[in-house]
Amino acid sequence: MHELPQQLANGLILGSMYGLIAIGYTMVYGIVQLINFAHGEIFMTGGFGALSTWLALPSGTSIWLALPLMLIGGILTAVLIAMAAERFAYRPLRNAPRLAPLITAIGLSLALQQAVWAWYPNAKDARTFPQIPGGPFNISSYISIQPADIFLLVAAPLSMLILGTFVRKTRTGRAMQATAQDPDTAKLMGINTDRIIVVAFALGAAFAAVAAVSHGLRYGQVDYQMGFIAGLKAFTAAVLGGIGNIYGAMLGGLVLGLAEALATAYIADVPGMHQLGGGSWADVWAFVLLIVVLLVRPQGLLGERVADRA
Amino acid sequence: MRHRSLVVLCATVAAGALTLTACGSRGSDNKANGDSSSGGTAVTIGVDAPISGDLSALGLGIRNSVDLAVKQANAQKIVPGVTFKIKALDDQAQPSSGQQNATQLVADKSVLGVVGPLNSGVAQSMQKVFDDAHLVEVSPANTNPTLTQGENYASGNKVRPFKSYFRTATTDAIQGPFGADYAYNDAKKTKVFLVDDKQTYGVGLVAAFKGEFTKLGGKVVGQDHVNTKQKDFSSVITKIKSSGADIVYYGGQYPEAGPLSGQLKKTGAKIPVMGGDGMKDDKYIQLANNLADGDLTTSVGAPVESLDSAKKFVADYQAGGYSDPYAAYGGYSYDSAWAIVQAVKAVVDANGGKVPSDARAKIVDAMSKVSFDGVTGKVSFDEYGDATNKQLTVYVVKNNKWAVAKTGTFTG
């Protein structure tokens with residue numbers, strides 16, 4: 001059992017990243033009931049935005065100085081692309097049948113992938129991402145974590161806190177809640193719902209960009225396909241936590257991350273399950289968990305707190 | 001690159017449309033086509049490799065090396081009256097794309113031989129298509145033994161499944177044990193953790209390694225599988241560390257092996273990762289964030305740079321102005337293409353200087369008799385279509401560069 005603490009830590013770290021991306025799915029869904037399948041690619045462009053910032057800095061710049069700039073660069077890129085996507089791909093379809101924007105989202109996701117593949121220099125292979133120097137930190141004899149993990153473990157709760165405060169305390173945040181509850185009434189009350197929708201897309205993209213920077217730091221690379229799997233997992237996390245609920249997205253991410261880590265480590269040890277364990281089956285068990293949760297609670301883990309939707 | 005596949009698509013559509021319209025006036029059209037190639041009969045050598053995607057570094061090396069061979073064959077007029085052309089298709093390392101490409105190459109009557117593919121899994125999807133059309137296929141990189149020796153090769157029951165399939169690369173049945181021998185006897189490792197990517201190549205390689213390693217007295221302390229395109233290996237790494245392994249053997253390609261090694265080293269573990277030829281690329285070291293020092297791979301053949309016969313190839317390749325390196329399989333790709341050229345020559349010579357109407361089937365027969373001194377040494381094929389040259393090299397990462405650790409032949 002001496003692996004358990006480390007596997008739990010692995011799961012929490014991975015889950016935090018899923019949660020950060022999942023916020024984007026859940027916010028957009030909460031407000032316009034659109035599953036933005038291009039969000040995984042928004043995440044990817046955030047990673048490339050941060051990489052471009054790093055490449056634009058003079059070589060030899062300290063990573064500690066560069067990291068905030070990379071975050072800003074990544075967030076700016078992702079937010080601009082998300083806002084452009086909202087304006088040119090989704091807004092014209094605002095009143096179209098629900099399937100039309102969904103298909104548009106899938107198309108947009110492919111278009112973004114191929115655009116990076118074709119035009120970003122040397123993006124046909126994975127591009128290496130700058131690393132935070134410094135060895136692993138041994139918290140106890142059982143757990144060791146990387147500097148990149150610490151970045152994520154700080155960034156994820158902080159982002160959550162900022163978002164929670166924003167949604168509850170600011171005028172825009174309350175306007176978002178109102179729009180989520182009833183867009184037509186919100187409009188009658190003088191809320192500019194078009195602006196609120198743009199804000200939802202932009203916020204989701206910003207958190208995705210933070211996740212993308214941590215992805216780059218953690219795995220040492222970004223590539224044009226990284227948004228697909230990460231996006232799928234984050235979408236699962238959002239549904240698991242109750243889509244439309246921002247806290248649910250983070251909780252769903254954590255549960256998914258833990259489920260994957262534990263499935264890798266322990267399923268193979270269950271008698272008779274040897275064939276179904278190990279790293280390659282982690283995804284399968286994550287989705288089994290999703291199905292079980294949805295059977296028992298179709299609205300997701302935190303799905304009932306409709307008032308908190310934003 | 002995108003434009004190229006678009007062009008290929010448009011060309012295919014256009015060709016299809018032309019074929020349809022040609023139905024009415026077949027005779028005159030064919031004549032016109034024949035006249036257009038004034039340098040004699042045009043013979044196309046097909047290439048199938050992952051030209052885009054994660055493995056493009058290897059795929060582009062294959063395509064460019066074949067291109068070089070074709071240019072030199074034309075310049076030296078190896079086969080009088082025949083001008084060679086190259087038709088390169090991208091399989092993106094996907095078996096389904098490989099099969100589509102195979103169908104496309106078979107449909108092009110001017111294609112008399114194909115070099116490729118890179119991946120054993122892709123080869124499986126193509127073999128039958130080529131064999132049905134009697135079109136010869138020479139792979140510079142496939143190492144899975146079942147491709148030439150059948151499903152039950154390990155039990156000694158070797159049956160060649162496809163007569164038209166040849167390869168210039170050595171098989172994993174030799175590569176795996178050669179690696180195990182080095183790990184146990186030279187590197188003095190006794191406890192291995194096995195990881196594979198569930199692909200034809202990776203699983204076969206790990207099985208071959210495991211067999212020899214345990215036979216020598218080594219112990220397998222754990223085994224796990226990963227998915228291709230996986231990015232996060234933290235759980236597998238935790239298992240590796242708690243298993244007490246002193247070496248990790250990875251069956252698969254560098255896009256997963258590199259990050260796996262990098263993430264393992266970042267946790268502070270000093271466990272080297274060993275693998276096969278699919279890992280032997282400079283990109284591996286990059287993807288491991290330059291933490292790969294001490295990692296090992298086996299690769300087929302002697303290092304291209306060290307062979308006298310290869311010096312000319314390296315110089316010509318550099319003079320050819322290719323923007324991508326020839327990578328791990330450049331020399332083998334050149335030899336594969338050259339073998340096809342030689343087989344075409346034998347068939348044309350036997351037919352009085354003309355390409356016979358059943359050239360494809362005759363080239364398959366001629367291929368088994370091909371023998372010449374190529375870039376990588378003597379090139380000829382045994383009764384299964386495997387290369388007779390069974391040399392292998394162990395490489396180790398030193399100061400973020402691959403260095404030769406040992407060259408030899410595995411004798412069992």
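Chain B has two domains in the assignment, whose bounds come from an automatic or database domain assignment. Domain 1 of chain B covers 2-18 + 40-170 + 306-381, and domain 2 of chain B covers 172-300 + 392-409. Their centres, taken over C-alpha atoms, are 29 Å apart. The contact involves 16 residues of domain 1 of chain B and 18 residues of domain 2 of chain B. Two residues are in contact if their C-beta atoms, placed from the backbone, lie within 7 Å.

This is a predicted model: local features need pLDDT of at least 70, side-chain atom pairs count only at pLDDT 80 or more, and totals for chains, interfaces and linings use all residues. Residues are numbered from 1 along each chain as its sequence is written, while chains are lettered from A and ligands numbered from 1 in the order in which they are written.

On the side of domain 1 of chain B that touches domain 2 of chain B, helix 3 (56-75) and helix 5 (120-132) of chain B each supply at least two residues. Helix 5 of chain B gives the largest share, three residues. Helices (H or I, at least four residues) and strands (E, at least two) are DSSP runs, numbered from the N terminus.

Chain B also meets chain A, with 30 residues of chain B in contact with 30 residues of chain A. Helix 9 (234-243) of chain B is among the elements giving two or more residues to that side of chain B. Its share is the largest, six residues.

The table lists both sides by class. Ala, Val, Leu, Ile, Met, Phe, Trp, Tyr, Cys and Pro count as nonpolar, Asp, Glu, Lys and Arg as charged, and the others, Gly among them, as polar.

| Domain 1 of chain B that touches domain 2 of chain B | eight residues | seven residues | one residue |
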